[in-house]
Amino acid sequence: MELADRCKMETKPVITCLKTLLIVYSFVFWITGAILLAVGVWGKLMLGPYISLIADNSTNAPYVLIGTGTVIIVFGLFGCFATCRGSPWMLKLYAMFLSLVFLAELVAGISGFVFRHEIKGTFHRTYTDAVLNYNAEDEASRAVDNLQHRLRCCGVYNYTSWFGSVYYPSKGIPASCCFNSSDCSAEDLRNATIAPSKVYHQGCYELVTSFMETNMAIIAGVTFGIAFSQLIGMLLACCLSRIITANQYEMV
């Protein structure tokens, strides 16, 4: 009995240290879920039109982020509860969930990096269709206007992309292409000779794709970094569960 008591006394500081680290980790994990939830809601409210230009059909990406963030928040709280309770089976369940999150994030990061060229091709196709079928009224047309205005670009490759649109014969190039709206009349935009001196010359496709290429490595690195951080939580949860089980430790 004395040896057992001595072993418990020796392992108690280790367990306390592991619990502290796992609670801190779970709190950070919970914050990650809250950020994903916020990004998902923001993306749905603010980026809906832009997302429609990247995907052939309506995408569920914002809902995936919202759902993932909500689940992470719940399990982050569960991790804190399991750690404070010192329940081995709860800690194992928490470690299992972290392993699933790790695999999901790893697959998402690899898929995004590998299929980045397909994403560019899809964007080119959908954005070209939006320009050719532009009417200044539907959601895709408003997204085109916002994109051109904010990025200071015009058309797919340049302003000549608008010459083949259904909008150009009657109304010319959209006003969102103008770099100076106060000196850009509807008559100027219908005139193929004057319009080039009134609108941006750089195409939007080049700007968006160059941004993707430049930042893809950073995005992939952050994704993999977050994914591998799950291994820390898995290790802490498994170690704590094993030590508690081996020493029959219970928090009073």
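Author: Three disulfides turn up when the whole structure is searched, a disulfide being a pair of cysteine sulfur atoms within 2.5 Å. The model is predicted, so local features need pLDDT of at least 70 and side-chain atom pairs count only at pLDDT 80 or more, while totals for chains, interfaces and linings use all residues. Residues are numbered from 1 along each chain as its sequence is written, and side-chain values use heavy atoms, with hydrogens and water left out.

Start with Cys-153, which is joined to Cys-204 with an S to S distance of 1.9 Å. The torsion about this S-S bond is about 95°, so the disulfide of Cys-153 and Cys-204 is right-handed. The two cysteines sit in distant parts of the chain, 51 residues apart: Cys-153 is in the loop between α6 (139-151) and α7 (168-171), and Cys-204 is in helix α9 (residues 204-247). Helices (H or I, at least four residues) and strands (E, at least two) are DSSP runs, numbered from the N terminus. Cys-153 and Cys-204 are both buried; buried means under 20% relative accessible area, exposed means over 50%, and partly exposed is in between (1.4 Å probe, protein chains only).

Next comes the disulfide between Cys-154 and Cys-177, where S to S is 2.1 Å. Its torsion is about 90°, so the link of Cys-154 and Cys-177 is right-handed.

In the remaining disulfide, the sulfur atoms of Cys-178 and Cys-184 are 1.9 Å apart. This link is left-handed, with -55° about the S-S bond. Cys-178 and Cys-184 are both buried.

If the bonded cysteines are counted along the chain, the pairing pattern reads 1-6, 2-3, 4-5. Cys-80 is in no disulfide, and the nearest cysteine sulfur to it, that of Cys-84, is 6.5 Å away. Cys-239 is in no disulfide either; the nearest cysteine sulfur there is that of Cys-238, at 7.0 Å. With a relative accessible area of 32%, Cys-239 is partly exposed.

One of the bonded cysteines also takes part in nonpolar packing. Cys-154 is among the residues with the most contacts inside the largest nonpolar core, which has 26 residues; Tyr-127, Trp-162, Ile-173 and Val-199 are listed with it. Two or more residues of this core come from each of α5 (116-132), α6 and α9. A nonpolar core is a set of buried Ala, Val, Leu, Ile, Met, Phe, Trp, Tyr and Cys residues joined through side-chain atoms within 4.5 Å. Ile-173 shows how the packing is made: leaving aside neighbours within four places in sequence, Ile-173 is in contact with residues including Cys-154, Trp-162, Phe-163, Leu-189 and Val-199. Contact here means heavy atoms within 4.5 Å. Another core, of 19 residues, lies apart from the largest one and has Ile-15, Phe-29, Met-90 and Ala-237 among its members.

Charged side chains supply another kind of link. Side chains of opposite charge can pair when their charged atoms come close. A salt bridge is a side-chain nitrogen of Lys or Arg within 4 Å of a carboxyl oxygen of Asp or Glu, and the count by this rule is two. Asp-183 and Lys-198 form a salt bridge, with N to O at 3.1 Å. They are 15 residues apart and in distant parts of the chain, Asp-183 in the loop between α7 and α8 and Lys-198 in the loop between α8 and α9. Asp-183 is partly exposed, at 43% relative accessible area, whereas Lys-198 is buried, at 16%. Glu-187 also forms a salt bridge, with Arg-190, at 3.9 Å from N to O. Both Glu-187 and Arg-190 are in helix α8, three residues apart, about one turn of the helix. Arg-190 is partly exposed, at 39% relative accessibility.

Last, a buried residue elsewhere in the chain. Thr-83 is in helix α3 (residues 61-85) and is buried, at 0% relative accessibility. Apart from residues up to four places away in sequence, Thr-83 touches Lys-19, Leu-22, Ile-23, Leu-91 and Leu-240.
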